[in-house]
Amino acid sequence: MSLRDAKTPSSPDRRPDESEATTDGTATVAAWKFHVVVLKHHRSVYRMSLALLRDEYLAEDVTQEAFVRYWQKGAGVARPKEWLHSVARNCCLDRLRKADRVVGDERVQTLVSGDEHDPAWQYQQDELSLKLRRLIDALPEPQRSLIVLFDVQGMNGAECARILDINVNQVRVYLHRARRQLRLALENSP
């Protein structure tokens with residue numbers, strides 16, 4: 001069962017009733033606050049998980065696991081976005097280590113412009129995307145996660161630093177190294 005399938009207080013067909021709330025209504029308030037966090041961050045946590053795992057079902061499981069842990073943690077999380085991304089990333093890395101598998105395919109957006117209706121151009125873009133995916137997958141872990149978080153997800157350096165539990169200067173260094181390595185590999189590939 002995914003988060004989308006779960007009956008939450010915000011389901012359009014149901015409103016929270018008094019049996020769900022304590023005498024002061026804190027259970028209902030907590031459920032609504034949790035639902036707001038899910039609405040705000042579910043898509044980005046899922047996209048990051050999908051980018052790391054390259055498997056829709058595993059990404060959905062990891063996303064759900066991150067939100068379950070958030071629910072269990074309660075109100076003790078100061079920055080939900082960073083906390084959720086950090087938990088999801090760690091879950092992804094654990095699953096990759098356990099499965100001992102190579103990260104597979106996902107279409108990588110390219111910034112090269114051209115005629116989308118031209119088959120030759122489209123073929124070049126597909127080849128470039130495939131090559132770039134393989135190169136990103138070959139990066140060492142902090143660099144790979146940074147490319148996904150910063151360049152694909154569009155997060156800023158401070159958010160990436162909190163998610164990866166490193167300082168902002170390290171983010172800059174790792175990102176510079178990753179981009180340089182990708183650039184060199186692309187230039188040297190046939």
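I began with helix α6 and listed its buried residues: G157, E159, C160, A161, I163 and L164. The model I am reading is predicted. Helix α6 spans residues 157–164, and six of its eight residues are buried, so I put it down as mostly covered by the under 20% cut-off.

I then checked both ends of α6. At its start, a side-chain oxygen of N156 comes to within 3.1 Å of the backbone nitrogen of A158. After the helix comes D165. I noted a positive phi for D165, near 60 degrees.

**Whole chain**

Next I stepped back to the chain. I found seven helices and zero strands. Read from the N terminus, the order is α-α-α-α-α-α-α. Of the 190 residues, 40% are buried.

Residues 24 or more positions apart account for 61% of them.

**Aromatic rings**

I looked for ring pairs and found four. One of them joins F34 and W71. I recorded 4.9 Å centre to centre and 70 degrees between the planes, an edge-to-face pair. F34 belongs to helix α1 (residues 26–53) and W71 to helix α2 (residues 56–73), so this pair ties together parts 37 residues apart in sequence.

W71 is partly exposed, with a relative accessible area of 45%.

Ring pairs link F34, F67, Y70, W71 and W83 into a cluster.

**Salt bridges**

I turned to charged side chains and counted eight salt bridges. I went through three of them, including the bridge between D137 and R54.

In that bridge the closest N and O atoms are 3.0 Å apart. D137 sits in helix α4 (residues 119–138), while R54 is in the loop between α1 and α2, so the pair ties together parts that are 83 residues apart in sequence. I checked the cover on both partners. D137 counts as buried at 15% relative accessibility. R54 counts as buried too, at 13%.

My next entry is E65 with R69, at 2.7 Å from N to O. Both residues lie in helix α2. They are four residues apart, about one turn of the helix. E65 is partly exposed at 25% relative accessibility, and R69 is partly exposed at 36%.

Then I looked up R179 and D151. Their closest N and O atoms are 2.5 Å apart. Which helices does this pair tie together? R179 lies in helix α7 (residues 168–188) and D151 in helix α5 (residues 141–152), so parts 28 residues apart in sequence are tied together. R179 counts as partly exposed, at 35% relative accessibility. D151 is also partly exposed, with a relative accessible area of 39%.

Technical notes:
Residues numbered from 1 in each chain as written. Predicted model: local features only at pLDDT ≥ 70, side-chain atom pairs only at ≥ 80, totals over all residues. Heavy atoms only, no water. Buried < 20%, exposed > 50% of the residue type's maximum accessible area, 1.4 Å probe, protein only. Helix = DSSP H or I, 4+ residues; strand = E, 2+ residues; numbered from the N terminus. Polar contact = N/O pair within 3.5 Å; in protein donor to acceptor, adjacent residues only side chain to side chain. Phe/Tyr/Trp six-rings, centres within 6.5 Å; stacked < 30°, edge-to-face > 60°. Contact = heavy atoms within 4.5 Å. Salt bridge = Lys/Arg side-chain N within 4 Å of Asp/Glu carboxyl O.
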